[in-house]
Amino acid sequence: MPVKILLFGKTGQVGTELIRTLPQLGQLKPCGREEANLEDQESMKAVIRSYCPDIIVNAAAYTAVDRAETEPDKANSINAEAVSLMAEEAKCLDAWLVHYSTDYVFDGTKDQPYIETDQPNPLGIYGKSKLQGEGSIRRSGCKYLIFRTSWVYGAHGSNFIKTILRLAREREMLDVVADQRGAPTSAVQIAEITAQAIPAILGGTMGAGIFNLAPSGDTTWHELARRVVSRARQSGMLLDLKPEQIRPIKTKDYPTPAKRPMNSRLDTSLLTQTLDITLPDWQSEVDCFIDYLVREEARQ
Ligand SMILES: NC(=O)c1ccc[n+]([C@@H]2O[C@H](COP(=O)([O-])OP(=O)(O)OC[C@H]3O[C@@H](n4cnc5c(N)ncnc54)[C@H](OP(=O)(O)O)[C@@H]3O)[C@@H](O)[C@H]2O)c1
């Protein structure tokens, strides 16, 4: 019998990439909002109980970090209560739950990259709701993998890189925050690592737990923005803005409804040692993504 995998969040940045990597592992049922709304627990139960998966992969989440400050109930319902239900159902079915969490569970005051056992202390509603989701999985007694990742970008959906490319066509000058450090993580990489981890958990070479997942190296939003514009111009994208027209500013000069951690760096030693892999550096992944966007634009 092939392994049955149920995926929530099939339309998201990570979800759309998982649709490419998971079918090689078994029988995949991708699920979107129309099949199961995470704010409607009965619809989730119905999907899980009718499919009886061996593995639930949850790439669905409420990810609007700033809007969460004014929609705490919605953020909690999707990021905490729905996740709690998935964990309970996984426990009943003796299924694995593979879930994604965030650097925003930390307050960013550590001066080193965060390891999995560091004390979380989220600064905003989004981070709190994701931490509650993590907690309910751990308490449920189900078999689980939680990948904590950061600064996600992908081909489907909106993200920082796409926003910078749009603004690079509209602006002659751009101010970008230069005092928050982290690593931009590609949805492709997350989906590929997930597909490597699943055989490892099923084969017993990887145990349950939380694992940080990010590329190697780290940067700032400002440095990332400059690299994006520079690479896009080199690759032939017609942009008015030049990298040197992106100016560094401080977080305090760019107020947002939700406070962000100044340090979002995640130590990935546990993941790389467990899976015996080397993670690519963030620059090569970003370059690959830009080249993909340039090719897509040329095709249209
Ligand atoms: N984005 C980041 O920078 C970032 C950083 C760190 C960690 N993460 C974590 O990584 C994971 C994947 O993030 P992502 O960037 O791929 O997210 P995303 O692109 O925002 O996608 C979110 C997905 O959740 C679905 N969803 C939201 N509300 C739903 C509901 N009520 N019912 C059913 N589905 C619902 C969306 O469906 P619709 O398309 O129908 O709305 C979409 O498929 C999440 O757990 C996130 O917390 C993300």
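Q: What kinds of residues make up the lining of the second largest pocket: how many nonpolar, polar and charged?
A: In this predicted model, the lining of the second largest pocket divides into eleven nonpolar, five polar and four charged residues.

Q: Which residues lie nearest the centre of that pocket?
A: Ser186, Val188, Gln189, Glu192 and Glu285 lie nearest the centre of the second largest pocket, out of 20 lining residues. Two or more residues of the lining are given by each of helix 1 (13–21), helix 6 (187–203) and helix 9 (282–299).

Q: And which helix gives the largest share of the lining?
A: Helix 6 does, with six residues.

Q: What volume does this pocket have?
A: The volume of the second largest pocket is about 340 Å³.

Q: Turning to cavities, how many of 30 Å³ or more does a search of the whole structure find?
A: The search finds one cavity of that kind. The volume of the largest cavity is about 50 Å³.

Q: Which residues line the largest cavity?
A: Its lining runs through Val65, Glu69, Tyr104, Leu123, Gly124, Ile125, Tyr126, Gly127, Ala258, Lys259, Arg260 and Pro261. By type, the lining of the largest cavity holds seven nonpolar, two polar and three charged residues.

Q: Let us look at the whole protein. What does its secondary structure come to?
A: The protein has nine helices and twelve strands. Its radius of gyration is 19 Å, close to the 19 Å given by the globule rule for 300 residues, so the protein is as compact as a globular protein of that length.

Q: What box do the C-alpha atoms fill?
A: Taken along the principal axes, the box is roughly 55 × 40 × 40 Å.

Q: What percentage of the residues is buried?
A: Of the 300 residues in the protein, 53% are buried. The accessible surface comes to about 13600 Å², and carbon and sulfur atoms account for 48% of that surface.

Q: What share of the contacts with a separation of 6 or more joins residues 24 or more positions apart?
A: That share is 79% in this protein.

Q: One more topic: where does Gln112 lie?
A: Gln112 is in the loop between strand 4 (96–102) and helix 4 (125–140).

Q: Which residues is Gln112 in contact with, leaving aside neighbours within four places in sequence?
A: Gln112 is then in contact with Asn263 and Arg265. As for Thr274, this residue is 162 residues from Gln112 in sequence and 21 Å from Gln112 in space, C-alpha to C-alpha.

Conventions
Residues numbered from 1 in each chain as written. Predicted model: local features only at pLDDT ≥ 70, side-chain atom pairs only at ≥ 80, totals over all residues. Heavy atoms only, no water. 1 Å grid on protein atoms, 1.4 Å probe; cavity = no way out; pocket = protein on both sides within 12 Å on 5 of 7 lines; lining within 4 Å. Points joined across faces, edges and corners; volume = space filled by probe spheres on them. Helix = DSSP H or I, 4+ residues; strand = E, 2+ residues; numbered from the N terminus. Nonpolar A, V, L, I, M, F, W, Y, C, P; charged D, E, K, R; others polar. Rg over C-alpha atoms; globule rule 2.2 N^0.38 Å. Buried < 20%, exposed > 50% of the residue type's maximum accessible area, 1.4 Å probe, protein only. Contact = heavy atoms within 4.5 Å. Areas by Shrake-Rupley, 256 points an atom, 1.4 Å probe, with all protein chains shown as cover.
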